[in-house]
Each structure stands twice: as structure tokens, then as C-alpha cells.
Amino acid sequence: MSRKPYVREVSKTRWFLRQPRYMRYMMREVTCLSIGAYALVLVLGIKRLSEGRAAYEGFLQALASPGGILFHLVVLAFALYHTASWFNVTPKAMPVQIGESFVSGGVIVGAHYGAWIVISLAVLLLAGAF
Amino acid sequence: MSERRVSLEVLRYDPETDSEPRFQRYPVPYHEEWVVLDALNYIKDHLDTTLSYRWSCHMAVCGSCGMMVNGEPVLACKAFLRDYPDEIRVEPLLHFPIERDLVTVIDDFMAKLARVKPYLIPARDEPASAAERRQTPAELKRFKQYTLCINCMLCYAACPEYGLMPEFLGPAAIALAHRYNRDSRDAGRDERQEIIAANEGVWDCSFVGACSEVCPKHVDPAGALQQVKIASTVDWYKEHLMPWVKK
Amino acid sequence: MAKSNKPVVWGLFAAGGTVTAFIMPALVLLVLLAAFGRVPDILTYEKLHAFAAQWWGKAVLLGIIFLALWHAAHRLRITLHDVGVRADATVAVAVYAVAAVASVAAAFYLLRI
């Protein structure tokens, strides 16, 4: 009896196409592209702001172009996906045990969503969006 | 009654004659209460005695019969035929070398399991004669879910990062280390951190979460690994920014 | 094996992920409102300039930008590895450098306000 184990190759570049759960994972991971892009746009906005009124208002106008609006809609969609995917796993990373029992995951996730809504409303309110 | 048949497409590999695996199709009678393991046993008993696979308890306790059924890592004893279409493809657990047919080489996992010291390590100053080490129900509950792991390796077959980086310590081993770290009777965390807080330890995990989704015992290795990451990060800052703080 | 230094990059990634999860949608919504012509107060030149002129306004803006950039950089590093880019060390230097340089640029512009 000779041993000759057979090693199956796993695709290093397309493994995530194999299962929906891997696709969901990759979807979560690529939210980083829009978050990074948006952060870079914020840097650009601050640059324009530091260059004076004309530069800043030109920047705002550029954002109001169809391309700018499309960019922000895409970023908003990915940002929301990031928020949901981040909050939904919080009970795994930060379980809370009170006495003997663990606080149910739904409560921890719910608390995050609740805080998120409060913070978002506060930001919008303080920013004078209403 | 059981005129219905299902077709099992089973991966075959004979190291003595085959250069690579192939699939062999077996018609198997369908029974409402049969699991894939029953179908494999039927094949072994009635159709082909050469088929090799591991199994023992037939009740999701021993963790021997993990395999890929239609691409998903499952325990063959827990995978009911009634939950599958009439074409069922059975393969050995992914990410492990194939020894023969559905039998995998599990040396890598066994070695990793031993490395994380999955046993109680008492404090140095604790006398060996202190036989009774009491624990409250709350202290037990802190780690109890991780004790349910049966080392079936489904999580390793589900983890794409293990597939990409074979040196990764992996879900079950780290979750088990976490189990002992959370045990009030244990004082071995520092020793285990040397292993699980290394690059090939918890840091190869990217939190895909598949390990927890496939676990047949509802352990949550993905959660354990994220908790280890957070604790290791706190450790790092303590060690580097506050070296005067004694652990 | 030795303990990893990944906690440094991961800790910032996790902090960035949390901060962006909480405020990114609201921030994008503010800009969208502006894009649709209903410019929120804070995005008018006077208000934003006054906000960024205070030290704590600078700190808030820089903090958000740095953490968001770092979060994105770290996740991109992992994702590139996931899609088969094996030069992790090179990728790491590149993505963290972009995050760092852009953050320094942001700090530079903020200090000129």
C-alpha cells in the first residue's frame, strides 16, 4: 500500500464564484472601493475649500453634474451595504454576557441600528439639511 | 414504495492506479429517512465494496463523515436525501488532500489542533493537589458553545482563506484555543497567544463567516476569531504603549 | 512564530469600519442634497469654512477622512489578495501609503483654512 495523496487545486482568482455566500463576502469587501473613493473626494473638497470661495463652489457644481450624482448614488448604496454588513456581525465580535446568559444578537444589532439612526438624524439636523 | 432512485455521483481516487480522481455514478434507492451516509453504506454493501469513506457514529457526534455534498461541506450522516435533488454529487472535503476516494489526509489539521494547546493549563503557583476547581454556571456559559466542536473540519472546507493560505491555523483550532482562554480555570492564554496571535494565526482570517454557517454543531468559530482579533489588538497596544503594565 | 504586528493596521481598519458605518451614509446624503440643489447649511462656503477653521472641526474632518481611507486601504489589501494578487507586502505598502499621503494632504489643506 503506497500513499499518494492527491491535492486538488483551488482557483486563486475565481474561488468566490463557487458559492453565493462567497459572493456576498466579496460584495461586502468591495464596498471599500466606494468608501475609499468618497474619502478621496472629501480630501479634494477640503483642498477646494482651502483655495477660496470660487474653487469650492466650482467643486460643488461638479458634484451636481450627472456624473457626480451617479457617483454619489453608487457610493450611498455601497455605504448602506457596508453599514448593514458591519452592524449585522457585531454580536459575533462583541458578545455581551449578563449573568449567565448572553444578550440576544438581535438586541445588539438593533442597538447599533438605533444608534445609527440617531447619529444620522443628528448629523443631518446639525448640518441644516432639514 | 421505494421505486424512486437517486443517482450518487461519487468521487473515486485510487492512489495505486489513478493519476487523478474521477467520478463514478451509482443508482441508489430513495428512502425518506435516509441520509447520504446511508446511501454510501448501500453502495458499499450492495454495489461496490471498494468505495472508501470515513464514518462511525451516524449521529453527528463523532465528526468523521464530513464531505462535500453538492458542493457544500456537510456531515454525510446529517444530510438527508430528501433535501437534495435526485442527482447528488459526493466529494471529499475541500482543501484537504485526497488519500483515497472520500478519505482525506487530515494531518495538517491534527498538527494545528495540537499546536494551540487545547487543554487546561493551570497557573504555575497552583498546587497539583488542588483537585477541585469550581466554576459558576456563568463562567461555564462563557465558553460552553465552543466545547461543542467535534473536529469534523467542515469549517476548514468552507474557509476560502484556508484554501488560499494552507498555513492558516484555521477556524476550529483558533476557536478551541479561544474556548480554553475563556475558561476561568485556565491560565494558559499567554502561551496560546504566541501561536494564535501570529500572522498565520488569527490574522489570516478575513471574516468570510462561512465557517460558522456550515458548522453542524452551531459553534461560531467566526465570532471566536473576531474576538481573538480584538483581544490581540488590545494586547498589542498594552505591550507596546504601556510596557510597564504587567500582564 | 511570533506575535503579529497586524493589530496596528487591523485596529485602525476596525475603527474606520465602525466610524464609516455610522456616519458615511449621512455624509453622502448631505452631498446628494447639495447636488440636487438643496444645499444644506453646512455645505455653504461660509459655514463649512467656519467649521473647518476651528481646531476641533479640523480634527473631526481629518479623523473621519483618515479612518475611512485606512479602512478602505486595508480592506482593498485583503480583497486584492482574495482575487489572486500574491504580492501582499507590495500591495500593503502601496495602499497604506495612499491612505497616509492623502491624509497628510488633507491635514495640509485643513491647516491652510
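Trainee: Where do the charges of chain C sit on average, and how far apart are the mean positions?

Mentor: Lys and Arg count as positive, Asp and Glu as negative; His and the chain ends are left out. Each charge is placed at NZ of Lys, CZ of Arg, CG of Asp or CD of Glu. Chain C has 9 positive and 4 negative charges, and their mean positions are 7 Å apart. In chain A, 13 positive and 5 negative charges have mean positions 14 Å apart.

Trainee: What should I know about the model and its numbering?

Mentor: This is a predicted model, in which local features need pLDDT of at least 70 and side-chain atom pairs count only at pLDDT 80 or more, while totals for chains, interfaces and linings use all residues. Residues are numbered from 1 along each chain as its sequence is written, chains are lettered from A and ligands numbered from 1 in the order in which they are written, and side-chain values use heavy atoms, with hydrogens and water left out.

Trainee: How many helices and strands does chain C have?

Mentor: Both are DSSP runs, numbered from the N terminus: helices are H or I with at least four residues, strands are E with at least two. Chain C has four helices and zero strands. Its pattern along the sequence is α-α-α-α.

Trainee: Why is chain C called more spread out than a compact globule?

Mentor: Compare the radius of gyration, taken over C-alpha atoms, with the globule rule: 2.2 Å times the number of residues to the power 0.38. For 113 residues the rule gives 13 Å; chain C has 17 Å, well over that, so it is more spread out than a compact globule. Its C-alpha trace spans about 55 × 30 × 20 Å along the principal axes.

Trainee: What does chain A look like in those terms?

Mentor: Chain A has six helices and two strands. From the N terminus, the order is α-α-α-α-α-β-β-α. The C-alpha trace of chain A spans about 80 × 45 × 25 Å along its principal axes.

Trainee: How many residues of chain A are in contact with chain C?

Mentor: Contact means heavy atoms within 4.5 Å. By that test, 51 residues of chain A touch 53 residues of chain C. Buried area is the accessible area (1.4 Å probe) that two parts lose on being put together, summed over both. Chains A and C bury about 4500 Å² between them, 75% of it on carbon and sulfur atoms. Of the area that chain A buries there, Ile46(A), Leu49(A) and Trp86(A) supply 14%, more than any other three residues.

Trainee: Which residues of chain C does Ala39(A) contact?

Mentor: Ala39(A) lies in helix 2 (residues 31–50) of chain A. At 0% relative accessibility, Ala39(A) counts as buried. Neighbours within four places in sequence aside, Ala39(A) is in contact with Ile65(C), Ala68(C) and Leu69(C).

Trainee: What about the interface of chain B with chain A?

Mentor: The contact takes 45 residues from chain B and 29 residues from chain A. These two chains bury about 3000 Å² between them, with 52% on carbon and sulfur atoms. On the chain B side, Lys141(B), Leu164(B) and Phe207(B) lose the most area to chain A, together 17% of what that side buries.

Trainee: Is His95(B) buried or exposed?

Mentor: His95(B) is buried, at a relative accessible area of 19%. Lys117(B) also has a positive phi, near 55°. Lys117(B) lies in the loop between helix 2 (107–115) and helix 3 (137–141) of chain B. At 25% relative accessibility, Lys117(B) counts as partly exposed.

Terms used: Buried < 20%, exposed > 50% of the residue type's maximum accessible area, 1.4 Å probe, protein only.
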